[in-house]
Amino acid sequence: MATAANRPSTSVEDYVKVIYDLQERGSGPVTISRVAERLAISNSSVSGMLRKLGELGLVDHQRYGDVRLTPTGDKVALAVLRRHRLIELYLVEALGYSWDEVHDEAEILEHVVSDRFVERIAERLGHPTVDPHGDPIPTSDGRILARETRLLARMEPGSGGVIVRVNDSDPALLRYLASQRIGIGMRVELVERQPFGGPLVVRLESEEGQQERSIGLGVAEALWISTDH
């Protein structure tokens, strides 16, 4: 099993993880500017690192073109994501963290824990398939459970399903969702889309019953819905 000492550098792991996440969420081509925005660094810094990743055989990137991981890059990214998402779940399940607190902790720990430690976490948690935000946890051999999901923001009025995944990059958004009692497992239906980029009217169903409320487009852009429930 791998240890932290014989893995790619922290910066390499961070880059491939971000590129994979942007690819996997299907929100458009992965570009230098999108990677730079996600990592809060300059475009020129990203360009320099992409050249290095290309030399390592982890990405395919032509000048001014989209960024894509190679099969080797995918393998590295999935290993990092497995560590990250299992650590997040362990922090919630075993240590009582809230779902808005775990991302930053996992960002640090994912680079230093051994594979043996991660597999012990998986075993203790019963080999889970999703993390606290509904993100799929890759298997130890680099497979990921595919699910048909759609962003609430891209659905049409009258359609709905169950919230199965929430974008976790903004802790403030996660705290807002918690305060509004909007979370994984809740059934939601898009009732009306206000014009000119206005809020969406949704019908939420929970143990407390049904209720209609307005939510901002930014919130709807963070909620992934499964329609196969």
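The model is predicted, so local features require a pLDDT of at least 70 and side-chain atom pairs count only at pLDDT 80 or more, whereas totals for chains, interfaces and linings use all residues. Residues are numbered from 1 along each chain as its sequence is written, and side-chain values use heavy atoms, with hydrogens and water left out.

The protein chain contains 8 helices and 8 strands. Helices (H or I, at least four residues) and strands (E, at least two) are DSSP runs, numbered from the N terminus. The radius of gyration is 19 Å, close to the 17 Å that the globule rule gives for 229 residues, so the chain is as compact as a globular protein of that length. This radius is taken over C-alpha atoms, and the globule rule is 2.2 Å times the number of residues to the power 0.38. The C-alpha trace spans about 50 × 45 × 30 Å along its principal axes.

Of the 229 residues, 42% count as buried. Buried means under 20% relative accessible area, exposed over 50%, and partly exposed in between (1.4 Å probe, protein chains only). Contacts are defined by heavy atoms within 4.5 Å. Among contacts with a separation of 6 or more, 63% join residues 24 or more positions apart. The chain exposes about 12,200 Å², and carbon and sulfur atoms supply 50% of this area. Accessible areas come from the Shrake-Rupley method with a 1.4 Å probe; for residues, only the protein chains shown count as cover.

The chain carries 27 positive and 35 negative side chains. Lys and Arg count as positive and Asp and Glu as negative; His and the chain ends are not counted. The centres of the two sets lie 3 Å apart. Each charge is placed at NZ of Lys, CZ of Arg, CG of Asp or CD of Glu.

Helix 6 covers residues 115-124, and its buried residues are Val118, Ile121 and Ala122. They cover an arc of only 100° around the axis, which puts them on the same side of helix 6. The arc is that of the directions from the helix axis to the C-beta atoms. These buried residues pack against helix 4 (71-95). The face turned away from the buried side carries the exposed residues Arg116, Arg120, Glu123 and Arg124.

Helix 6 is followed by Gly126, with a positive phi near 80°. His127 also has a positive phi, of about 55°, although it is not a glycine. His127 is found in the loop between helix 6 and strand 3. His127 is exposed, at 52% relative accessible area. Most residues other than glycine have a negative phi. Ala40 is a non-glycine residue with a positive phi, near 60°. Ala40 lies in the loop between helix 2 (32-39) and helix 3 (43-55). Its relative accessible area is 69%, and Ala40 is exposed.

Asp135 is placed in the loop between helix 6 and strand 3 (149-151). Asp135 is buried, with a relative accessible area of 1%. Leaving out residues up to four places away in sequence, Asp135 touches Arg25, Arg85, Thr129, Val130, Arg165 and Asp168.

Ala178 belongs to helix 7 (residues 171-179). At 45% relative accessibility, Ala178 counts as partly exposed. Ala178 and Asp100 are 78 residues apart along the chain, and their C-alpha atoms are separated by 9.0 Å.
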